[in-house]
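Please review the following briefing on a ligand site and a pocket in a protein model.

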Amino acid sequence: EPVPQPEWDGISYPSFIPFREKGAEKVMQDIMDFKSRESDIILATHCKSGTHWGYEIIQMLLRNTTELEKGVKSNSMLEGIGDLSSLDSTPSPRILDTHCKFKYLPKQHIEKRNKIVHIVRNPKDVCVSFYHHALKDNFINFNGSWNDFYELWMSGKLVYGAWYSYELEIEQAEKDIPGMIYTCFYEDIKQEPVKEIKKLADFLGVECSATHIEDVAKATSFKNMQEKKFDITQIFDGKGFIYRKGEIGDWKNYFTVAQNEQFDIQFNEKMKDSNLKLTFA
Ligand code: A3P
């Protein structure tokens, strides 16, 4: 069943219930007007960059636990919650996540210089991950082949806007407002979870033992999360789609040589003024 694709400010959005019920403009306006607390943490990611993973690491650090959160993360996703005032009853510190671009984040959050954790992932792996998600979930009208999806990505017309504009905008904000945004890389967390989780704990101002950091790394391993959280994502459509593979470099199983070359050209052109250091392993 084709679903309407909400659109606002030149960007299309998934057919989540709030977008369908309130319209994209109102959803985005409500996010920008959201009443922030100083202790709020925003997890800012482009789609498929490890949002669910980052969310669990952050909640474990803040709550001093190694228990995966019960329930579906959608009740922390700013654009997935219809009535944002429902977050009034969430105890502090609140962890809020969103794929919306930096310029649409809650104004108060930025004014107060509240913390933002930003995860970046190799866009080639993001693209492959996105493709699988799009096939399994009907949040965008996609039912094509890998080649079709690749073309969609290259056009920059996917939901939430192009990866490039997302990353360039947040990189600029990081320069403009030093210390507010902490950027980490999916690949680094995967390769050196303990070291990366420790750095994240430092940014969050969480003091915890080396043992706890190691336990958080174990509890948030792909295997553990896939095993324990898989069923929860099935609530949506009967098919798990968040914990698919969790690896670095799956793009090599999808990109043709020609697609890879074309992607690199576009990447180098779009990112020519960027200092983002990505691993294209
Ligand atoms: P793959 O499709 O490549 O497997 P998001 O949460 O932003 O939607 O991102 C989902 C991607 O992060 C999926 O990538 C998923 O498998 C991966 N992921 C989720 N939990 C992970 C974990 N604990 N370790 C590594 N990757 C994880």
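The shell around the ligand divides into six nonpolar, eight polar and four charged residues, where Ala, Val, Leu, Ile, Met, Phe, Trp, Tyr, Cys and Pro count as nonpolar, Asp, Glu, Lys and Arg as charged, and the others, Gly among them, as polar. The model is predicted: local features need pLDDT of at least 70, side-chain atom pairs count only at pLDDT 80 or more, and totals for chains, interfaces and linings use all residues. Residues are numbered from 1 along each chain as its sequence is written, and side-chain values use heavy atoms, with hydrogens and water left out.

**Ligand shell**
- The ligand is surrounded by 18 residues, each with a heavy atom within 4 Å of it; the closest are Thr-51, Ser-129, Tyr-186, Lys-245 and Gly-246.
- Helix 3 (51–63) and helix 11 (222–237) each supply at least two shell residues, helices being DSSP runs of H or I with at least four residues, numbered from the N terminus.
- Helix 3 provides the largest share of the shell, three residues.

**Ligand contacts and burial**
- An N or O atom in the Thr-51 side chain is 2.5 Å from an oxygen atom of the ligand.
- Backbone N or O atoms lie 2.7 Å from a ligand oxygen atom at Gly-246 and 3.1 Å from one at Gly-50.
- The protein buries 99% of the 570 Å² that the ligand exposes when taken alone, by the Shrake-Rupley method with a 1.4 Å probe.

**Second largest pocket**
- Helix 3 also gives the most to the lining of the second largest pocket, with three residues.

Technical notes: Polar contact = N/O pair within 3.5 Å; in protein donor to acceptor, adjacent residues only side chain to side chain.
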